[in-house]
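Please keep the sequence and the structure in view while reading.

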Amino acid sequence: MPHRHASRRIGPFALTRTLAWLRLCAIAGQSVAVLVCALWMHLAIPLLPLLTGVGALAVFAVFAAWRLGQPWPVREWETIGHVAVDTLVLGYLLYFTGGASNPFVTLLLVPIALSAAALSVPAVLAVAALAGIAYLLLLYRYVPLPLPMHGGGFPLHVLGMGVNFVITALLMAFFINRLARALRMQQLEVQRVRERALRDEGILAIATQAAGAAHELNTPLATMRTLLPELRREHAQDAVLEEDLALLQEQVDRCRTILREMVAFGQAQLSQEAERMPLQAFVHGCLERFQLLRPEAELALDLPESAARLELRVPPGLRHALINLLNNAADASASCDSNAVELQIHCGQGWLELTVRDHGPGFASADEPGRLGRSGKQGGLGLGLALAEATAERLDGELTAGNTGHGAQVRLRLPLAVIGAG
């Protein structure tokens with residue numbers, strides 16, 4: 001999922017990557033400036049030392065690009081080292097072109113501004129100290145910039161200041177905007193993680209209560225299973241009462257079966273053992289259970305033959321997630337006097353998509369599908385979509401919901417790299 005690399009969006013890695021792009025721009029701009037001054041303006045600048053400095057920066061740019069492709073994290077001290085190399089090369093070039101009197105000396109401020117948006121205060125102070133030392137040295141030690149023979153050097157200095165202002169403004173606007181956007185993305189990711197944590201905490205609390213309730217229900221269910229056969233024997237002559245007692249015993253047995261399934265599901269969750277089976281067997285197993293729960297539902301299944309033979313590692317919770325979605329769809333269709341429910345399955349491009357559609361009123365614009373405790377149906381607990389979404393996220397998938405014009409649809413997308421048996 002997109003949140004996997006959130007730690008790289010802002011901080012040392014983001015700044016180092018920004019410096020890499022900025023370094024390429026500097027190499028191009030410095031090369032053009034040196035060649036224009038030497039070949040077009042005919043200034044007597046030391047061409048070989050300047051091109052040597054630009055070449056050294058190009059070699060470091062290749063190393064930095066290789067470093068960014070490595071898996072180990074970028075630390076702050078390493079980012080400061082990159083800034084130090086850039087500052088050293090820039091100071092070297094300024095030394096041969098007038099030192100602090102060169103209008104481009106203000107480019108020493110760019111690393112400080114970028115570091116302030118991505119590094120800690122001590123790191124920013126270190127970068128500022130590097131730039132300050134370089135500026136102080138350039139005040140007293142430099143090779144004077146040769147001026148043209150006619151017209152003096154002030155117009156050239158003013159022109160350089162104008163070019164420097166444009167370059168600095170563009171660089172600051174572009175790269176600081178990139179860092180600020182990365183920061184906003186990280187803040188949104190943190191907010192999503194916080195919401196997921198709150199939702200999972202709520203699910204855990206409900207699961208704890210459900211476990212306690214299941215344990216407490218086992219005793220009265222056992223009592224009813226003991227008394228009902230005796231009542232049926234005592235009132236065997238009363239046909240109407242016998243029929244009601246038989247129905248009651250069926251319901252008690254069904255409750256007992258549900259409690260056993262809850263215990264088995266909890267054990268499967270603890271073991272984290274996935275069950276291997278074809279996609280067709282998994283789907284039909286879910287549909288059989290759904291038809292037992294909702295015998296009135298008219299289910300339309302779209303399962304391509306090419307996908308039916310796909311081998312899956314069915315993790316604990318996936319079966320219940322799909323049944324919850326189907327049950328929600330049946331409730332939505334029933335609210336509009338319809339029993340139609342559709343299940344469409346698609347497999348391709350590394351994803352398995354399970355799409356459930358209903359013929360109900362659809363999601364209201366203010367609804368938040370998957371929000372724990374909010375339900376779009378009367379009497380709902382708001383658990384179905386929340387549990388399905390939690391299952392999808394645990395499997396590195398996603399759950400999306402929307403309207404189709406004649407109802408709603410919920411799509412559960414799961415990566416085959418996680419649930420595929422191949």
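How many helices and how many strands make up the secondary structure of the chain? The secondary structure comes to 12 helices and 7 strands, where helices (H or I, at least four residues) and strands (E, at least two) are DSSP runs, numbered from the N terminus. This is a predicted model, in which local features need pLDDT of at least 70 and side-chain atom pairs count only at pLDDT 80 or more, while totals for chains, interfaces and linings use all residues. Residues are numbered from 1 along each chain as its sequence is written, and side-chain values use heavy atoms, with hydrogens and water left out.

**The chain as a whole**

Of the 422 residues of the chain, 36% count as buried; buried means under 20% relative accessible area, exposed means over 50%, and partly exposed lies in between (1.4 Å probe, protein chains only). The accessible surface of the chain comes to about 24100 Å², and 63% of this surface belongs to carbon and sulfur atoms; such areas come from the Shrake-Rupley method with a 1.4 Å probe, and for residues only the protein chains shown count as cover. Among contacts between residues at least 6 apart in sequence, 73% join residues at least 24 apart, a contact being heavy atoms within 4.5 Å.

Two strands are said to pair if DSSP finds at least two bridges between them. The pairings described here are set out below.

| Strand pair | Sense | Bridges |
|---|---|---|
| Strand 4 (residues 340-348) and strand 5 | antiparallel | 8 bridges |
| Strand 5 and strand 7 (residues 408-415) | antiparallel | 7 bridges |
| Strand 6 and strand 7 | antiparallel | 6 bridges |

Strand 5 (residues 351-358) is mostly covered, with 7 of its 8 residues buried, and strand 7 is likewise mostly covered, with 7 of its 8 residues buried. N403 has A408 of strand 7 as its bridge partner.

Strand 4 and strand 5 form a hairpin with 2 residues between them. Q349 lies in the loop between these two strands, and its phi is near 55 degrees, a positive value in a residue other than glycine. Q349 counts as exposed because its relative accessibility is 81%. Strand 6 and strand 7 form a hairpin with 4 residues between them, and here G405 in the turn has a positive phi of about 105 degrees. D396, in the loop between helix 11 (384-394) and strand 6 (398-403), also has a positive phi, near 65 degrees, in a residue other than glycine. With a relative accessible area of 28%, D396 is partly exposed.

Leaving aside its neighbours within four places in sequence, S333 is in contact with S338, A340, V341, D358, H359 and G360. The C-alpha atoms of S333 and A408 are separated by 9.4 Å, although these residues are 75 places apart along the chain.

The structure holds 1 cavity of 30 Å³ or more. A cavity is here a set of points, on a 1 Å grid over the protein atoms alone, where a 1.4 Å probe fits but cannot get out, and lining residues have an atom within 4 Å of a point. Grid points are joined across faces, edges and corners, and a volume is the space filled by probe spheres set on the points. About 40 Å³ of space lies in the largest cavity, whose lining consists of R294, E296, A297, A330, A334, S338, N339 and V341. This lining divides into 4 nonpolar, 2 polar and 2 charged residues, with Ala, Val, Leu, Ile, Met, Phe, Trp, Tyr, Cys and Pro counted as nonpolar, Asp, Glu, Lys and Arg as charged, and the others, Gly among them, as polar.

R23 belongs to helix 1 (residues 12-40) and is buried, with a relative accessible area of 2%. Not counting residues up to four places away in sequence, R23 touches L57, F60, A61, A64, H82 and D86. V143 is found in the loop between helix 5 (121-140) and helix 6 (154-234), and at a relative accessible area of 28% V143 is partly exposed. Beyond its neighbours within four places in sequence, V143 is in contact with Y95, F96, T97 and G98. The C-alpha atoms of V143 and T97, 46 residues apart along the chain, are separated by 6.2 Å.

Terms used: On a 1 Å grid over the protein atoms alone, a cavity is a set of points where a 1.4 Å probe fits but cannot get out, and a pocket is an open set with protein on both sides within 12 Å along at least five of seven lines; lining residues have an atom within 4 Å of a point.
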